[in-house]
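Me: I would like to learn how to read the features of a model like this one. Please show it to me and take the features in turn.

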Amino acid sequence: STQGYSSAASDVYKRQIIFFILVLTIDTENVLIKNISQNEFVQQNIKIIDWLSNQVTEIIIFLSFFYFVLILVDIFTIMRETINLNNLKNKINKRS
């Protein structure tokens, strides 16, 4: 199924992001960042790269906010269901 491929691709991206974060964490002298910034392609396309980086940042912020909203919806759903269960429990206890 395509969902299996999508999930596998997602796992690969997650591993790459974690690896990159680990490399940046370990690379205390910023050797990686210096090498990237000195790359000829990067130097020639710095404005485009800067623009893309800003777009990616905005997308990440938006997705983070969206994910936060989904978590809030889940929390409120759980609270509502808990209240409904408690109301049902009280009705049953009153009948007993």
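Reply: Start with the helices: helices (H or I, at least four residues) and strands (E, at least two) are DSSP runs, numbered from the N terminus. This is a predicted model, in which local features need pLDDT of at least 70 and side-chain atom pairs count only at pLDDT 80 or more, while totals for chains, interfaces and linings use all residues. Residues are numbered from 1 along each chain as its sequence is written, and side-chain values use heavy atoms, with hydrogens and water left out.

Me: How many helices and strands are there in the protein?

Reply: The protein has 4 helices and 0 strands, giving the pattern α-α-α-α along the sequence.

Me: Where is confidence lowest, and where is it highest?

Reply: Confidence is given as pLDDT, the predictor's value for each residue, from 0 to 100. The average for the protein is 80, and 90% of the residues score at least 70. The lowest mean, 69, belongs to helix H1 (residues 2–26), and the highest, 87, to helix H4 (residues 46–95).

Me: How is a pair of aromatic rings described?

Reply: By the distance of the centres and the angle of the planes. Phe 62 and Phe 66 lie 4 residues apart in helix H4, so about one helical turn separates them.

Me: Is Phe 62 buried or exposed?

Reply: Buried means under 20% relative accessible area, exposed over 50%, and partly exposed in between (1.4 Å probe, protein chains only). Phe 62, at 53%, is exposed, and Phe 66, at 44%, is partly exposed. Of the 96 residues in the protein, 2% are buried.

Me: Which residues form the salt bridge?

Reply: A salt bridge is a side-chain nitrogen of Lys or Arg within 4 Å of a carboxyl oxygen of Asp or Glu. The whole structure contains 1. Arg 80 forms it with Glu 81, their closest N and O atoms being 3.4 Å apart. Arg 80 is partly exposed at 48%, as is Glu 81 at 38%.

Me: What does Ser 37 touch?

Reply: Contact means heavy atoms within 4.5 Å. Not counting residues up to four places away in sequence, Ser 37 touches Val 42 and Gln 43. Ser 37 sits in helix H2 (residues 31–38) and is partly exposed, at 33%.
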